[in-house]
Amino acid sequence: MAYSDKVVEHAENPRNVGTLDKSDPTVGTGLVGAPACGDVMRLQIKVGEGGVIEDAKFKTFGCGSAIASSSLATEWLKGKTLDEAEQIKNGDIVTELNLPPVKIHCSVLAEDAIKSAIDDYRKKQAAKRAST
Amino acid sequence: MTVQLPIFMDNNSTTPVDPRVLDEMLPFFKGNFGNAASRSHSFGWVAEEAVEYARERIAKLIGAQSEKEIVFTSGATESDNVALKGVAEFYKDKGNHIITAVTEHKAILDACKRLERDGFEVTYLPVDKQGIVSADQVREAITDKTILVSLMLANNEIGTVQPLEAIGKVTREKGVLLHTDAVQGIGKVEFDVQKMNVDLASITAHKMYGPKGVGALYVRRSKPRVRLVAQMDGGGHERGMRSGTLNVPGIVGFGKAADILIHEGKEESARLFALRERLRSRIMDALDEVYVNGSMEHRLPGNINLSFNFVEGEAMMMAIKDVAVSSGSACTSSSLEPSYVLRALGVGDELAHSSIRFGLGRFNTEDEVDYVADLVLSKVKHLRDMSPLWEMHQEGIDLKSVQWTAH
């Protein structure tokens, strides 16, 4: 299968690879997928004043399209509010990266990872509010 | 160190045509274009003579008693189909049971499935962790309805070589025919139809530095004489077993490829074994969490199949894109299922997704091996730095204890 130029570019030069401090209350972590399925994504966001995503990092075990999908997601997340981030849909990733049908699940996983990271952040914030 | 990119290290999928093979083929595209079945003029005679010469060379390579035992086909898939369906149809009054193994090539497995729909019973023998089927397993599976056992000489993915000689003793003793898909092992490991009591064998030119589109089926003519029903109707070529005008240039190339292996096969296997071990040890000495799939003892000399834990196979192939290899990862197949061969060995899905097959061949050099080893080392490190699983492993988290969200 031939890859689109954008997939190759992201896979070769992935943006925002790394790890944020999971215990930081301003960090939300999403870990989705399963090793047995061949892809696992961990996406992290650090949320600043006014609910704006200041930083985003990822690590992905998966094919080039999975790496590219998560790399692109972190790029898009930075500077967005949580509400804006929630609007990112897997179809946007498919279009941007020109993913073939067999790779659509990679974009779905990226959308799940975003949602899961936002959820995690909100839960942390709720827990923090409850304890103060 | 000078290497030319891209590097082809996928010789289990196909092999380049040896220039000496091409040289012998070319005249048969030009002046000697006759139909080998034309009996009435010199164009036909020249073609027929060349075909018969190729037949002799191929017969010699596999230890056949007569060149008449070689039936030319379009390739091993056709040979496998003719062998299984042709034998099943001919011997159906004798029995309806066929034995094969779960790690066979799809040409065998799918032909067996078709036969099951037609009322035959097929036993798919499991394999051990190395991918081996034992002669005892075959003995126990044979019933009074068994007509055929089909087991490959060597596996295309993991390179495991089956104990055919021991299996052939059992099938001969029980009076059951033995077919082998010998495609991967021919000229690389010992193969002799007499010594191994093989009754039918599928081979193809393009895995032995010959052209694509030509193969052969060895069909034993004595002790026992094997009969089969042709699966293609037509002019009755190849003693009625395979109709269709012969691919004369292809057959000529096939013959030359066989001749080269007769003279150089042993030496070549020793060289490929050394290159393979150099590649394997350079990788495994430098990296943790790399696993060999298949057997180290009973293995094709040029094949090594490694799982790089925490790195997905397709991402790995993309990272080393100037090197042609293949992977058992689901992402490289249209089905999104990881390799059925690796699963049959009991390799977990995680490691199956992380597998890479390196297939060394005649034209690979030591410089290429060193280049590939260095590239693999750096890319595995790079991809592991990007892998959440590697990070968790480094932190001492047992990945099996994590609740994953399967999708």
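Reader: How many salt bridges are there between chain A and chain B?
Author: A salt bridge is a side-chain nitrogen of Lys or Arg within 4 Å of a carboxyl oxygen of Asp or Glu. This is a predicted model, in which local features need pLDDT of at least 70, side-chain atom pairs count only at pLDDT 80 or more, and totals for chains, interfaces and linings use all residues. Residues are numbered from 1 along each chain as its sequence is written, chains are lettered from A in the order in which they are written, and side-chain values use heavy atoms, without hydrogens and water. Between chain A and chain B the count is four.

Reader: Which residue of chain B meets Glu12(A) in a salt bridge?
Author: The two side chains come to 2.9 Å, N to O. The partner of Glu12(A) is Lys321(B).

Reader: What area is buried between chain A and chain B?
Author: Buried area is the accessible area (1.4 Å probe) that two parts lose on being put together, summed over both. Carbon and sulfur atoms give 67% of the area here. The total is about 2500 Å².

Reader: Which residues of chain A lose the most area to chain B?
Author: Together they account for 24% of what the chain A side buries. They are Pro35(A), Lys59(A) and Phe61(A).

Reader: How many residues of chain B are in contact with chain A?
Author: Contact means heavy atoms within 4.5 Å. On the side of chain A, 32 residues take part. On the side of chain B, the number is 25.
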